[in-house]
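Good morning, colleagues. I would ask you to keep the display in view while I speak.

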Amino acid sequence: MSVRVRIPTPLRTLTAGAAEVNVDGSSLGEAIARLETQYPGIEQRLKDENGELRRFVNLYVNGEDVRFLQGLDTALKTGDEVSIVPAVAGGAA
Amino acid sequence: MERYARQVRFPGIGEAGQERLAAARAVLVGCGALGTVLANVLVRAGLGTLIIVDRDFVERSNLQRQVLFDEDDIARDLPKAVAAAEKLQRINPEVAVRPVVADLNAANAEALLAGADVVLDGTDNFETRYLMNDACLKHGVPWVYAAAIGAYGATFPIVPGETPCLRCVFAESPAPGTLPTCDTAGVIAPAVGVVSNLAAAEALKLLVRAQDKLNRALVWLDVWENTYQRLELGAPTPDCPACQQGRYDYLDARVGSYTLELCGRDTVQVVVPGRPPLALDELAARLDGVGTVTHNASLLRLRLPEHEIVVFPDARALVKGTTDPAVARALYSRYVGL
């Protein structure tokens, strides 16, 4: 199951600048684990110390918020697109 | 109506929409890069009343992206809310523009935001946004979240009782140091311009009651990396403490004085809510000989060898030359009094 993960700007320092990354995984949790082996450090940006998704980062599968799917257990199939969308605080005051 | 002729010809607004705009009241919180663009659009569009809440004054590093300010505002040492209001009145004298030089906090948020037709987010931090979220939910006021940093930004509208609120979408703010800040990433004007104009479009839709046209999605874009994503927000989170359980954690924290480090500015803000207004001329007289003191109607500036304290009539102060809240509080206590 190869899925496409869209990496937001603030996390691209971890992916050597790549905006999109292809990983294998039959669930979102598995895809994140694969992402971590390729780009160490990215998992802890997405998950807290209890292994839960962080509350200021949203993950979407094909544009749908995984909070309304099965969270990290959301099933993935080849060609799915995973988007990572972290909170933006700046207002450039 | 000549002023609004092109806008009235646009079928989405028309004469009915224009009349609704003229009768509407908006509150802008934060008049920096995002805020000046939002204010500019709405005042030119013929809003009835705009209230501008901002705690800061104009500095030269603002001019690269904050479209309502110029060198004169710096020479006159004007607060942003006042400088913006003056400029906006020259652009469109038909709009009532009221500057409020203050920090939005738990003590004043309801008084400032309740009754508005829309609240606009020009802030630079999540604490203030969660407070706006609480006050707007409590009083049924729609508002538009907007944020930008570097070349990217995000925005989405929040309609109480209808769409997910800020805490549904971002339940907690990022911990300090986990994401880039304005110091580390900088910011370019086009990113701010795109995000704030998208937010302004949502505000116009809300004000002319074109709710069916609302962009019920989180828009995330990057003008440097050429990405644009539109992510459907869906329904409110069933257990959201704010919009589903009616718990207003930020609004109910009606605390005493507090400090806030200003991102990337070597400045700490000291706020003393609920304090009677300060007479700046009396304070200037008291501080005579302590350091170099200058003041105008809107602020007093005390220059000390290693620090600078800018005091506003609402008793709030910006202590420059430190990032340590304890140092800021001590200096405030020494020269202004706690």
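This is a predicted model: local features need pLDDT of at least 70, side-chain atom pairs count only at pLDDT 80 or more; totals for chains, interfaces and linings use all residues.

**Two chains and their contact**

Among contacts in chain B between residues at least 6 apart in sequence, 65% join residues at least 24 apart.

Taken along the principal axes, the C-alpha atoms of chain B fill a box of roughly 65 × 50 × 40 Å. As to burial, 49% of the 338 residues of chain B count as buried.

I turn next to helix packing within chain B. The helix α3(B) covers residues 33–45, and its partner α10(B) covers residues 189–207. Their axes are 9 Å apart, and the two helices pack at an angle of about 40°. The crossing in which α3(B) passes α10(B) is right-handed. On the side of α3(B), the contact is made by Ala33(B), Leu34(B), Val37(B), Leu38(B), Val41(B), Leu42(B) and Ala45(B). On the side of α10(B), the contributing residues include Val192(B), Gly193(B), Val195(B), Ser196(B) and Asn197(B). Also among them are Ala199(B), Ala200(B), Ala203(B) and Leu204(B). By residue class, this contact of α3(B) with α10(B) divides into 13 nonpolar, 3 polar and no charged residues.

The helix α3(B) also meets α5(B), which runs over residues 80–91. The axes of α3(B) and α5(B) come within 10 Å and cross at roughly 30°. That angle falls under the 35 degrees just mentioned, and α3(B) and α5(B) are therefore roughly parallel to each other. The crossing of α3(B) and α5(B) is right-handed. From α3(B), the contact draws on Thr36(B), Ala39(B), Val43(B) and Arg44(B). From α5(B), it draws on Ala84(B), Leu88(B) and Ile91(B). The residues of this contact of α3(B) with α5(B) divide into 5 nonpolar, 1 polar and 1 charged.

I now move to chain A. It has 2 helices and 5 strands, and along the sequence these elements follow the pattern β-β-α-α-β-β-β. The radius of gyration of chain A is 13 Å, close to the 12 Å that the globule rule gives for 93 residues, so chain A is as compact as a globular protein of that length. The C-alpha trace of chain A spans about 45 × 30 × 25 Å along its principal axes. Of the 93 residues of chain A, 39% count as buried. Among contacts in chain A between residues at least 6 apart in sequence, 51% join residues at least 24 apart.

Two backbone positions in chain A deserve attention. As background, most residues other than glycine have a negative phi. Ala16(A), although not a glycine, has a positive phi of about 55°. This residue, Ala16(A), lies in the loop between β1 (2–6) and β2 (20–24) of chain A. Is Ala16(A) buried or exposed? A residue with 12 or fewer other C-beta atoms within 10 Å is classed as exposed; Ala16(A) has 9, so it is exposed.

Asn62(A) is placed in the loop between β3 and β4 of chain A. With 13 C-beta neighbours inside 10 Å, Asn62(A) counts as partly exposed. Which residues does Asn62(A) touch, not counting those up to four places away in sequence? They are Asp80(A) and Glu81(A). Pro8(A) lies 54 residues from Asn62(A) along the chain, and their C-alpha atoms are separated by 15 Å.

Finally, I come to the contact between the chains. It takes 22 residues from chain A and 39 residues from chain B. On the side of chain A that touches chain B, the elements giving two or more residues are β3 (57–61), β4 (64–65) and β5 (81–86). The largest share of that side, 3 residues, comes from β5(A). The residues on that side of chain A divide into 12 nonpolar, 6 polar and 4 charged.

Conventions:
Residues are numbered from 1 along each chain as its sequence is written. Chains are lettered from A and ligands numbered from 1 in the order in which they are written. Two residues are in contact if their C-beta atoms, placed from the backbone, lie within 7 Å. Helices (H or I, at least four residues) and strands (E, at least two) are DSSP runs, numbered from the N terminus. Ala, Val, Leu, Ile, Met, Phe, Trp, Tyr, Cys and Pro count as nonpolar, Asp, Glu, Lys and Arg as charged, and the others, Gly among them, as polar. The radius of gyration is taken over C-alpha atoms; the globule rule is 2.2 Å times the number of residues to the power 0.38. A residue is buried if 20 or more other C-beta atoms lie within 10 Å of its own, exposed if 12 or fewer, and partly exposed in between; C-beta atoms are placed from the backbone. Axes are lines fitted to C-alpha atoms, for helices over the stretch in contact, and angles run from 0 to 180 degrees between N-to-C directions. A crossing is left-handed if the near helix is turned anticlockwise from the far one by less than a right angle, and right-handed if clockwise. Angles under 35 degrees count as roughly parallel, over 145 as roughly antiparallel, 65 to 115 as roughly perpendicular and the rest as oblique.
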